[in-house]
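Keep the model open alongside the text.

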Amino acid sequence: MSREELWKLDCSLDSNDEVHKILIAKRGYYIYYNEPNKNTRLINIHSHICGRCNWGSGQIKAAESGRNGVWIGPFSCLTFVENFIQVNLNEFVNQVERCSCISFYLSRVKKQ
Ligand SMILES: [Zn+2]
């Protein structure tokens, strides 16, 4: 799904629906920890409505969760995720970047 589709899905969530409450609780920022490439890959921070992230479940066609890595999150703010990376993953991380999904998400949240 595209970011726009995921954003529309996010906006349609009903806080009175028990299943929707799960996705609402999992809104936020995520990183993917890639074990085989931990020394060479940069870490991208994603929002839950990113097509790569999908609320921390990854892409639909992705390999088995945990085989090569795991999604870590949600973090409720960028400061929390950046601090987590610095404290817990700093020895592995060459570079941290924010995926373009973050500016998309922040611009949409501001419009509400
Ligand atoms: Zn992203």
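Predicted model: local features only at pLDDT ≥ 70, side-chain atom pairs only at ≥ 80, totals over all residues.

The protein chain holds four helices and four strands. Read from the N terminus, the order of elements is α-α-β-β-β-α-β-α.

Now the overall dimensions. Along the principal axes, the C-alpha atoms occupy a box of roughly 40 × 30 × 20 Å. Of the 112 residues, 17% count as buried. Take the contacts between residues at least 6 apart in sequence: 67% of them join residues at least 24 apart.

Next, the backbone. Most residues other than glycine have a negative phi, and most peptide bonds are trans. Against that background, look at the loop between β2 (43–47) and β3, where Asn 54 lies. Phi of Asn 54 is positive, near 50 degrees. Trp 55 lies in the loop between β2 and β3 too. Phi of Trp 55 is also positive, near 60 degrees.

Are these residues buried or exposed? Asn 54 has 19 C-beta neighbours inside 10 Å, so it counts as partly exposed. Trp 55 has 23 other C-beta atoms within 10 Å and is therefore buried. The cut-off for buried is 20 or more.

Move on to strand β3, which spans residues 69–75 and contains Pro 74. The peptide bond that joins Gly 73 to Pro 74 is cis. Its omega is about 5 degrees.

Conventions: Residues numbered from 1 in each chain as written. Helix = DSSP H or I, 4+ residues; strand = E, 2+ residues; numbered from the N terminus. Buried ≥ 20, exposed ≤ 12 C-beta atoms within 10 Å, placed from the backbone. Contact = placed C-beta atoms within 7 Å.
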